Amino acid sequence: AYTCAQESKYLLVANIPDVGIHLELIKLFGIYGNVSEYKMLDEYPTSEEFCETMLVKFETIQNARTAKIKMDNYNFYGKHLHVCYVPEYESVEDLREKLAERRFIVSLKCNKYG
């Protein structure tokens, strides 16, 4: 079953070619919303040689949702990117904000149909 806890402002982007193109990738993600921070995850194990992994944080969950949908399996410099949510990087405040946003959306939908 799907829960809102599985979504996050944080996205893990794997299978990035290791040729120094990080800023181009961030600009590409910036199309879908403001990227508030990003960093390379050197300690994260990669499945392919000469590939890197990056953590990207968006300002809103909606921006991260859109970016994940559009960029997962996107061909970037000959490699298909793998994009997934990583809620384990969220702070307690991020979690509170996410749950409050979800409560608000559910209440709007209940009032619209109720």
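Tutor: Buried means under 20% relative accessible area, exposed over 50%, and partly exposed in between, with a 1.4 Å probe and protein chains only. Helices (H or I, at least four residues) and strands (E, at least two) are DSSP runs, numbered from the N terminus. This is a predicted model, in which local features need pLDDT of at least 70, side-chain atom pairs count only at pLDDT 80 or more, and totals for chains, interfaces and linings use all residues. Residues are numbered from 1 along each chain as its sequence is written, and side-chain values use heavy atoms, with hydrogens and water left out.

Student: How many residues of strand β3 are buried?

Tutor: On one side of β3 point Cys-51, Thr-53, Leu-55 and Lys-57, and on the other Glu-52, Met-54, Val-56 and Phe-58, all of them buried. For β3, which spans residues 51–58, the count of buried residues is therefore eight of eight.

Student: Which residue in β3 is the bridge partner of Met-40?

Tutor: Two strands pair if DSSP finds at least two bridges between them, and β2 (residues 35–40) is joined to β3 by five bridges in the antiparallel sense. Within β3, the partner of Met-40 is Met-54.

Student: What is the angle between the planes of Phe-76 and Tyr-77?

Tutor: Rings of Phe, Tyr and Trp (its six-membered ring) pair if their centres lie within 6.5 Å, and planes under 30 degrees apart count as stacked, over 60 as edge-to-face and the rest as tilted. The structure holds three aromatic pairs. One of them, Phe-76 with Tyr-77, is edge-to-face, with 5.0 Å centre to centre and an angle between the planes of 75°.
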